[in-house]
Amino acid sequence: MLVDKMPNVYVLSDSVGETAELVIKAGLSQFNDGEYQIQRIPYVEDKETIDETIQLAKEKEGLIGFTLVDPELRNYVNTQAKKWNIEVIDIMGPTLSAMERVFQSPPKLEAGLVHRLDEDYFKRIEAIEFAVKYDDGRDTRGIARADIILIGVSRTSKTPLSQFLAHKRLKVANVPIVPEVDPPEELLEVDPAKCVGLRINPDKLYEIRKERLKALGLGDQATYATMERIHTELSYFDNTVEKIGCEVIDVSNKAVEETANTILQIIQEKIYGE
């Protein structure tokens with residue numbers, strides 16, 4: 001039938017039907033040069049829709065491919081197709097049966113889970129790309145678009161915190177505070193509830209910066225790592241966060257994960273009232 005005439009294929013799904021259509025197209029590519037007609041019937045929830053599709057396939061001498069997780073609907077398609085001598089391709093059934101044997105537990109039988117997983121994945125990737133693009137104040141336009149804005153002097157873990165929070169699907173921009181540079185105007189205009197200042201103990205910062213210079217092969221007497229410079233920066237930081245009116249966290253002895261969880265709690269309480 002498929003060699004002599006253009007096949008009519010009906011794709012039934014309890015979700016959008018994308019998976020079933022891709023599988024059917026892959027199969028058809030092995031038999032012709034793309035000469036086929038596919039009609040997708042998504043969000044199937046009742047037997048009436050199945051009956052209508054069976055009738056169409058009967059009239060057009062077509063075949064049906066389907067991904068239905070509901071065992072009752074799946075069995076109904078197979079039974080009706082057999083009754084009317086219509087070829088059907090059960091894409092999901094054998095897969096679920098095999099996995100049920102392997103995992104020794106029943107499937108969730110929830111439609112569209114793969115698309116929920118995909119959506120979650122793409123949101124995470126988008127947040128990670130956002131954190132990279134708006135890292136270290138390189139583009140202040142990200143401040144208005146961010147879910148969270150981190151503010152701190154150099155070496156207060158702004159970048160690793162941004163990446164950690166991005167994996168929670170949050171868009172994070174971070175802004176370095178430097179006495180010689182005025183804070184961006186966007187920082188003074190954004191909702192302060194979205195901003196979190198990262199404070200650090202001067203002695204702790206001195207040790208971190210000194211080790212950083214050693215790692216770079218530089219002497220530890222650079223201005224960057226002197227206590228005088230550190231006190232100047234921290235004083236400017238305190239003035240800046242006071243002007244913004246944002247929450248401040250002491251990160252001196254906190255791991256990134258611990259600080260991130262504290263930030264999440266603050267944001268949820270201030271913005272979402274949780």
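A: Happy to! Keep in mind that this is a predicted model. Let's take strand β5, which spans residues 148–152. Five of its five residues are buried, so β5 is largely enclosed by the rest of the structure.

Start with the side chains. In a regular strand, they alternate between the two faces of the sheet. In β5, Ile148, Leu150 and Gly152 point one way, while Ile149 and Ile151 point the other way. The residues on both sides are buried.

Next come the partners. Strand β6 (residues 172–176) runs parallel to β5 and is joined to it by five bridges. Strand β7 (residues 195–199) is also parallel to β5, with four bridges joining the two. Leu150 is a handy landmark for both pairings: it stands opposite Asn174 in β6 and opposite Val196 in β7.

For contrast, turn to helix α4, residues 93–103, where Phe103 lies. Phe103 has a relative accessible area of 58%, which is over the 50% cut-off, so it counts as exposed. Together with Met99 and Val102, Phe103 forms a nonpolar patch on the surface. The accessible area of these three residues together is about 350 Å².

Technical notes
Residues numbered from 1 in each chain as written. Predicted model: local features only at pLDDT ≥ 70, side-chain atom pairs only at ≥ 80, totals over all residues. Heavy atoms only, no water. Buried < 20%, exposed > 50% of the residue type's maximum accessible area, 1.4 Å probe, protein only. Pairing = 2+ DSSP bridges. Patch = residues over 30% accessible without salt bridge, like charges linked within 9 Å, V, L, I, M, F, W, Y side chains within 5 Å. Areas by Shrake-Rupley, 256 points an atom, 1.4 Å probe, with all protein chains shown as cover. Salt bridge = Lys/Arg side-chain N within 4 Å of Asp/Glu carboxyl O.
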